[in-house]
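Please open the model in a viewer and keep the selection tool ready. The stops below each give something to select and then say what is there.

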Amino acid sequence: MTDVTSLLPLAAVLVPALAVPLILASGARPNLREAWTLLAAVGTLAVVAVTVRSPGTQVTPLGSFAGVDLALRADAAGLLFALLAATLWVATSVYSVGYTRGLGESGQTRYFAAFAASIAATMGVALAADLLTLFVFYELLTLATYPLVAHAGTETARSAGRTYLAYTLGGGVLAFGGILLVGVLAGSLGFVPGGVSGLTADPTLGRAAFGLLVVGFGVKAAVVPLHAWLPAAMVAPTPVSGLLHAVAVVKSGAFAVTRSVLYVFGPDAASDLGVALPLAVAAAVTMVFAALVGLRQDELKAGLAYSTISQLSYIVLGVALLTPLAAFGALLHVVAHAFMKITLFFAAGLVYVETGEKYVSDMAGIGRRLPATMTAFAIAAAGLVGFPLVAGFVSKFHLVLGAAASPHPAFVAAFLVAGVLKLLYFWPIVYAAFFGRRDRTTPASRHPFAPPHDRPEGGHGGAGSSGGRVPAAADGGYLRPTAWERRSPLAEAAPALLVPVLFTVGMAVLLGVVPTALPFWELAETAVAEVFG
């Protein structure tokens, strides 16, 4: 495609960035503050949508630094990620209003401002035309999301924030080292479909550059053993968990690894240097290891965190296999996983707001109280396992075919084993939600692999007979009912919470039934054609 100088890529970054001071200035007027958030989210989506439909490849030059030209460039791969993030910011903004108001969260102005700053940085990562521009926005994303991770202000939250910074900033240092080596070897930091030239001239330095880039960026992609920050970050509010896991941080890591493999080294250089296979092995180990650890998590968000770690490596493995089908499946999985995983986090947050429950062992029968929410949860979980008619099946199908067509077809087993482990985790949760009982005396009420947490005397935070959160008992615990109140799907939760859940799961189903209905499919096809010819 012909490059066209345009302000559209810059506008995609500036719209959420300009919302930050407006949100901060409106802190005393919550309705206005949230209006700025929603307007910025819709405006960002509109800019990206116009860019997708614009002829040519839109480019915004940003000047130069130390002789390196910086720019934003809306190529197919970047637009796929930008369109995904912009779409989900709209849903997350609506959900965040319902969540923060429902729980009476403190620091809401700081929360919404940091959220907008995070999306601005994510747009920069998606549309960066070169490694240095990507690195700048990648580090800004770390700084913008730190206040969200530490939002609660407790010692646990602050500790999680410190862990998050240590891992991600440390990874940034390694990635910067790789960038310097690429600059020395290739004399260019620009993204070129199929890779830049010169990286194989010195194989030792070439391998070192590849290792520094994929390890540095692999921190946010949560490749084992670089994953420990992600479960710790689950102390953040649930919409933040959705942002971390589905929209911004981890997807920026996976996207940066994709850029490094396919647009810096390229399939030929990665194969010649012998660096793709070790990355594929690390991804396969991560897929299975994280899924196994996830089986033992009773806290719902913790289990979803380990599921994310496993699913992200689907993307990394698909890229590392260096086949067109696998790369296509990896790009599709960036999108499919986002809609499915954010549905699961939205559902977990809604459960907590409405009932106070956060442990799987306390949710037996909750499908009677939250029928629509838990149905959406079940559909999204089925998609992550790989069941047909949900987006996850389409992406996983191409990943498996790509693995089978690669020089290392044994990696097919990794996808299949990881899928079975996810079924073993999600199926008991769904079954217990609809067929279990609150007293947990029957097998249907328990998760066979996740041991229940220790409940203090006097009960645990739960729902009263009315289905809402109930006052504390005299001993400081919570009164626990013996059964959930039945509610209709339209009366189970506030619309600001329920509508985003239904929207994201609806998108996951749409992309599973009609994968070509939205631009993601075409953008993934274009990106793969550019890289592999």
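Begin with proline 225, which sits in the loop between α7 (203–218) and α8 (229–232). The model is a predicted one. Show the backbone from valine 224 to proline 225: the peptide bond there is cis, with omega near 10°. Then select alanine 222, which is also placed in the loop between α7 and α8. Phi of alanine 222 is near 60°, a positive value in a residue other than glycine.

**The largest pocket**

Next, select Tyr99, Ala236, Lys301, Tyr352 and Lys358. Of the 19 residues lining the largest pocket, these are the closest to its centre. The space in this pocket comes to about 320 Å³. Now colour α3 (76–103), α12 (300–320) and α13 (324–355), the elements that each give two or more residues to the lining of the largest pocket. Which element has the largest share of that lining? It is α13, with three residues. Coloured by class, the pocket lining shows 12 nonpolar, two polar and five charged residues.

**α12 against α13**

Keep α12 and α13 on display and hide the rest. A pair of packed helices is described by the angle between the axes and the distance between them. For α12 and α13 the angle is about 170°, and the axes are 8 Å apart. An angle over 145 degrees counts as roughly antiparallel, and α12 and α13 are therefore roughly antiparallel to each other.

To see the contact, select these residues:

- on α12: Leu300, Lys301, Leu304, Ala305, Ser307, Thr308, Gln311, Tyr314, Ile315, Gly318 and Val319;
- on α13: Ala326, Ala327, Ala330, His333, Val334, His337, Lys341, Leu344, Phe345 and Ala348.

The residues of this contact of α12 with α13 divide into 13 nonpolar, six polar and two charged. Lys301 of α12, part of this contact, was also picked out at the pocket stop as one of the residues closest to the centre of the largest pocket.

**α3 against α18**

How are α3 and α18 set against each other, and how far apart are their axes? They pack at an angle of about 155°, with the axes 8 Å apart. This pair, α3 and α18, is therefore roughly antiparallel too. The crossing of α3 and α18 is left-handed. On the α3 side the contact is made by Ala76, Ala77, Leu79, Leu80, Leu83 and Leu84, and on the α18 side by Pro519, Phe520, Leu523, Ala524, Thr526 and Ala527. By class, the contact of α3 with α18 has 11 nonpolar residues, one polar and no charged.

**The cavities**

Switch to a cavity display. How many cavities of 30 Å³ or more does the structure hold? There are five.

For the largest cavity, with about 100 Å³ of space, select Leu332, Val335, Ala336, Ala391, Val394, Ser395, Leu511, Pro515, Phe520 and Trp521, which line it. The lining of the largest cavity has nine nonpolar residues, one polar and no charged.

For the last stop, select Ala290, Ala291, Gly294, Gly303, Tyr306, Ser307, Leu421, Lys422, Tyr425 and Phe426, the lining of the second largest cavity. Its volume is about 60 Å³. Here the elements giving two or more residues to the lining are α11 (276–294), α12 and α16 (411–435). The largest share, four residues, comes from α16. By class, the lining of the second largest cavity has six nonpolar, three polar and one charged. Ser307 belongs to this lining and to the contact of α12 with α13.

Definitions and conventions:
Residues numbered from 1 in each chain as written. Predicted model: local features only at pLDDT ≥ 70, side-chain atom pairs only at ≥ 80, totals over all residues. Heavy atoms only, no water. 1 Å grid on protein atoms, 1.4 Å probe; cavity = no way out; pocket = protein on both sides within 12 Å on 5 of 7 lines; lining within 4 Å. Points joined across faces, edges and corners; volume = space filled by probe spheres on them. Nonpolar A, V, L, I, M, F, W, Y, C, P; charged D, E, K, R; others polar. Axes fitted to C-alpha atoms, helices over the stretch in contact; angles between N-to-C directions. Parallel < 35°, antiparallel > 145°, perpendicular 65-115°, else oblique. Left-handed = near helix turned anticlockwise from the far one by under 90°. Contact = heavy atoms within 4.5 Å.
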